Amino acid sequence: MTARGRAQDDDGRGAVADETGHPSTTVMPTDTATLDELSLLIRARYPIVILDTLEAARAEALARQAASQLSLHYYLWTRSKGLRRGANVGDPFVETTAEPHHALSFIEREGSGMFMMRDLAPYLDDPLYILKRELTWIP
């Protein structure tokens, strides 16, 4: 996986099997090249970086690590819970951010941080989100 969204499962850093031969749930350490690439994109102020991967846990670990290195607040969004500031189970949720357009409005107001939006893609074709993107687009 790279920050451009390509999976590199054949490089030896992909899924690992446990003693039963089933995929392990252990998160693999982030490779330095991918972390450096993601950090570079963030420091270059790209407004959005898409990580298109089947390895959600690995992508989230990469985002958390990059946020930590760059001293950015880390947020994780899920459709069922909304935005959570931090990566720990006890970290607080931001109220009324379960709806994608509410989460995007919060992100717009917050301004800076690392916002990991898990499974947001299905909502991006909705006219409400297209309008929101058009209204906040700054060329």
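**Exercise 1.** Determine whether W77 counts as buried or exposed.

*Solution.* The relative accessibility of W77 is 0%, and buried means under 20% relative accessible area, exposed over 50% and partly exposed in between, with a 1.4 Å probe and protein chains only; W77 therefore counts as buried. The model is a predicted one, in which local features need pLDDT of at least 70 and side-chain atom pairs count only at pLDDT 80 or more, while totals for chains, interfaces and linings use all residues. Residues are numbered from 1 along each chain as its sequence is written, and side-chain values use heavy atoms, with hydrogens and water left out.

**Exercise 2.** State how strands β1 and β3 pair, and find the bridge partner of Y75 in β3.

*Solution.* Strands are DSSP runs of E with at least two residues, helices runs of H or I with at least four, both numbered from the N terminus, and two strands pair if DSSP finds at least two bridges between them. Strand β1 (residues 74-78) pairs with β3 in the parallel sense over 4 bridges, and the bridge partner of Y75 is F115.

**Exercise 3.** Count the aromatic pairs and classify the one that Y75 and F115 form.

*Solution.* Rings of Phe, Tyr and Trp (its six-membered ring) pair if their centres lie within 6.5 Å, and planes under 30 degrees apart count as stacked, over 60 as edge-to-face and the rest as tilted. This rule gives 3 aromatic pairs. Y75 and F115 form a stacked pair, at 4.6 Å centre to centre with 10° between the planes, and this pair links strands β1 and β3 across 40 residues.
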